[in-house]
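Dear colleague,

I am passing a structure on to you with this message, and my notes on it follow below. Please read them alongside the coordinates.

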Amino acid sequence: MRDGKVLHLKYRSIAEKRFWSSTGTERGLFGWQALDPQVRAVCITEGEQDCMALADYGLQALSIPVGAGKGEKQDWIELEWDNLERFDTIFIAIDMDGAG
């Protein structure tokens with residue numbers, strides 16, 4: 001969500017770790033609606049749950065939309081580049097797997 005507009009929908013199965021999402025939508029960073037507009041440092045995580053956990057600890061956080069990896073998984077960078085310019089510091093918190 002950005003500026004009160006839902007950009008992309010993502011779903012997870014309750015029974016198993018399976019994800020799917022809306023098609024033809026803007027895959028931007030998750031969590032903009034929860035950020036303090038005055039903050040100048042943010043942590044970018046590899047998952048929405050990690051983003052929300054950091055927020056519970058009082059940290060400002062966003063999550064990448066579809067995990068780390070190559071190709072179109074990196075499309076969010078160009079989409080969000082201008083929005084990220086407001087930050088002086090960006091921490092990256094990704095998984096310890098091969099893609100991360």
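Taking a disulfide to be a pair of cysteine sulfur atoms within 2.5 Å, the count comes to zero disulfides. The sulfur of C43 has its closest cysteine sulfur in C51, 8.3 Å away, which is too far for a bond. C43 is buried at a relative accessible area of 11%, and C51 is buried as well, at 4% (buried means under 20% relative accessible area, exposed over 50% and partly exposed in between, with a 1.4 Å probe and protein chains only).

Please keep in mind that this is a predicted model, in which local features need pLDDT of at least 70 and side-chain atom pairs count only at pLDDT 80 or more, while totals for chains, interfaces and linings use all residues. Residues are numbered from 1 along each chain as its sequence is written, and side-chain values use heavy atoms, with hydrogens and water left out.

A search of the whole structure finds two aromatic pairs, where rings of Phe, Tyr and Trp (its six-membered ring) pair if their centres lie within 6.5 Å, and planes under 30 degrees apart count as stacked, over 60 as edge-to-face and the rest as tilted. Y11 and W20 form a stacked pair, with 5.7 Å from centre to centre and 20° between the planes; Y11 is partly exposed at 38% relative accessible area, and W20 is partly exposed at 37%. The rings of W32 and F87 are also stacked, because their centres are 6.1 Å apart and their planes lie at 25°. W32 counts as buried at 11% relative accessibility, as does F87, with a relative accessible area of 7%.

The charged end of K10 sits over the ring of F19, 5.3 Å from its centre (the criterion is NZ of Lys or CZ of Arg within 6 Å of the ring centre and within 35 degrees of the ring normal).

K10 also belongs to the lining of the largest pocket, which comprises 26 residues, and K10, G47, E48, Q49 and P65 lie nearest the pocket centre. Here a pocket is an open set of points on a 1 Å grid over the protein atoms alone, where a 1.4 Å probe fits, with protein on both sides within 12 Å along at least five of seven lines, and lining residues have an atom within 4 Å of a point.

Kind regards
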